[in-house]
Amino acid sequence: MPSSPAATPAPFTADDYRARMDRAVRAAAEAGLDGVLVAPGPDLVHLTGYQPTAVTERLTVLVLTAGREPVLVVPALEAADAGKAAGAGAFGVRDWVDGKDPYGITAALLGAQGRFAVSDNTWAMHLLGYQKALPATRYVSLTEALPMLRAVKDARELERLEAAGAAADAAYREILKVRFAGRRENDIAADLATLLREFGHSQVDFTVVGSGPNGANPHHEASDRVIEHGDMVVLDFGGLKHGYGSDTTRTVHVGEPTAEERAVHDIVREAQQAGFEAVRPGAACQDVDRAARAVITEAGYGEYFIHRTGHGIGVTTHEPPYMIEGEEQPLVPGMCFSVEPGIYLPGRFGVRIEDIVTVTETGGHRLNNTPREMAIVE
């Protein structure tokens with residue numbers, strides 16, 4: 001199997017991570033917050049490059065406050081690993097030993113009062129520990145307070161997203177060569193997972209294969225259903241390469257489609273194009289949703305488009321911003337998100353077409369570039 005067409009990107013530096021933490025502190029201040037507390041998870045990886053080998057009940061937290069060097073509070077037995085993180089030169093490490101109070105160490109970095117954002121995957125026991133140590137402090141969800149923290153990607157992040165998208169495209173081109181009819185959805189899903197890894201993905205997050213009536217469920221899990229001649233098949237797959245996500249959907253047909261199937265697919269393709277063309281700096285996220293949805297609604301299938309048009313992507317395959325009615329967040333160059341309208345006819349079939357798109361200074365740029373026309377498979 002050939003390797004992915006994208007070369008390995010240069011590693012992030014301590015300066016990259018320092019810039020991200022500085023932006024987080026500034027964004028927190030603009031939101032009326034005194035700082036940010038980041039537990040192990042995607043936000044910590046994004047801000048520091050550090051991911052504990054195992055997340056346990058022992059407290060690990062990055063403390064970001066204005067006017068103070070970022071500090072990563074870690075268990076003593078993990079301090080050496082934290083000191084080797086890619087962003088280690090941009091933050092200090094404060095360790096604590098079993099039997100001591102880690103919340104007292106954290107409290108000394110926060111002050112007696114203040115309002116802080118905590119990352120969404122913070123354990124309840126740790127949040128309660130902060131509150132007990134500092135009763136006058138208040139806490140809000142990081143995603144609620146700073147939803148755009150990871151939304152705007154820098155050039156090195158865009159390079160990784162481009163590589164992940166190219167790898168997913170390569171996997172799609174290969175899957176078109178396999179036989180569909182007579183095989184189970186699970187078999188095709190396994191093929192896709194193998195291809196993603198062969199094209200450089202370190203992690204496969206999902207391989208949705210929805211054939212025939214199963215395609216009418218947008219998040220159908222691949223099953224033992226045997227794919228038949230005449231089936232429409234929705235293929236939605238992605239994961240992480242170089243730490244950044246891919247996510248693409250194409251809908252194929254086993255043998256020649258009916259006129260109705262081809263017409264529905266064409267409507268979705270037109271809607272996806274309309275959503276893409278709505279991408280430009282200053283437009284609201286909801287404008288992308290409105291553009292795609294209008295095409296499907298005008299064609300008479302509005303009630304069968306049952307999900308948002310898109311979601312952000314980065315160090316996770318689903319994150320803000322969201323392309324949905326009511327989201328007035330302006331698009332900014334460097335944002336990356338999916339554009340993925342669909343039509344789902346219960347008991348019959350579904351169609352979805354999805355690309356990852358990044359906002360440029362003048363419009364949008366697709367990170368997935370395989371044909372959007374319906375592919376015919378055997």
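This report describes selected helices, strands and aromatic contacts of a predicted model.

## Basis of the description

The model is predicted, and local features are reported at pLDDT of at least 70, side-chain atom pairs count only at pLDDT 80 or more, and totals for chains, interfaces and linings use all residues. Residues are numbered from 1 along each chain as its sequence is written, and side-chain values use heavy atoms, with hydrogens and water left out.

## The six-stranded sheet

Helices (H or I, at least four residues) and strands (E, at least two) are DSSP runs numbered from the N terminus. An open sheet of six strands is arranged in the order β4-β3-β2-β1-β5-β6, with mixed pairing, where two strands pair if DSSP finds at least two bridges between them. Its edge strands, β4 (92-96) and β6 (137-141), each pair on one side only. Neighbouring strands of this sheet are turned by 25° against each other on average, direction ignored. Within the sheet, β2 (residues 61-65) and β3 (residues 71-75) pair in the antiparallel sense over three bridges, and V61 stands opposite V73 in β3.

Helix α4 (residues 102-110) packs on the sheet, touching β1 (35-38), β2, β3, β4, β5 (114-118) and β6, and its direction makes about 15° with that of β2. Contact here means heavy atoms within 4.5 Å, while axes are lines fitted to C-alpha atoms, for helices over the stretch in contact, with angles running from 0 to 180 degrees between N-to-C directions. Helix α5 (residues 124-133) lies across β1, β2, β5 and β6, and runs at about 155° to β6.

## The enclosed strand β10

Seven of the seven residues of strand β10 (residues 248-254) are buried, so this strand is largely enclosed by the rest of the structure; buried means under 20% relative accessible area, exposed over 50%, and partly exposed in between (1.4 Å probe, protein chains only). Both faces are covered, with T248, R250, V252 and V254 buried on one side and T249, T251 and H253 on the other.

Strand β8 (residues 232-241) is joined to β10 by six bridges in an antiparallel arrangement, in which R250 is the bridge partner of L235. With β18 (residues 375-377), by contrast, β10 pairs in the parallel sense over three bridges, and the bridge partner of H253 in β18 is I376.

## Helix α10

Helix α10 (residues 285-298) has 14 residues and reaches 21 Å from its first C-alpha to its last, close to the 20 Å expected at 1.5 Å a residue, the expected span being 1.5 Å times one less than the number of residues. Its buried residues are C285, Q286, V288, D289, A292, V295 and I296, and what covers them includes α9 (259-277), β12 (319-323), β13 (336-339) and β14 (342-345). The helix is followed by G300, whose phi is positive, near 95°.

## Aromatic rings

Rings of Phe, Tyr and Trp (its six-membered ring) pair if their centres lie within 6.5 Å, with planes under 30 degrees apart counted as stacked, over 60 as edge-to-face and the rest as tilted; by this rule there are six aromatic pairs. Y130 and Y139 form a tilted pair, 6.1 Å centre to centre with 35° between the planes. Y130 is buried at 4% relative accessible area, and Y139 also counts as buried, at 16%.

A charge sits over a ring if NZ of Lys or CZ of Arg is within 6 Å of the ring centre and within 35 degrees of the ring normal. R20 lies over the face of F12, at 4.3 Å from the ring centre, and R293 over that of F305, at 3.9 Å.
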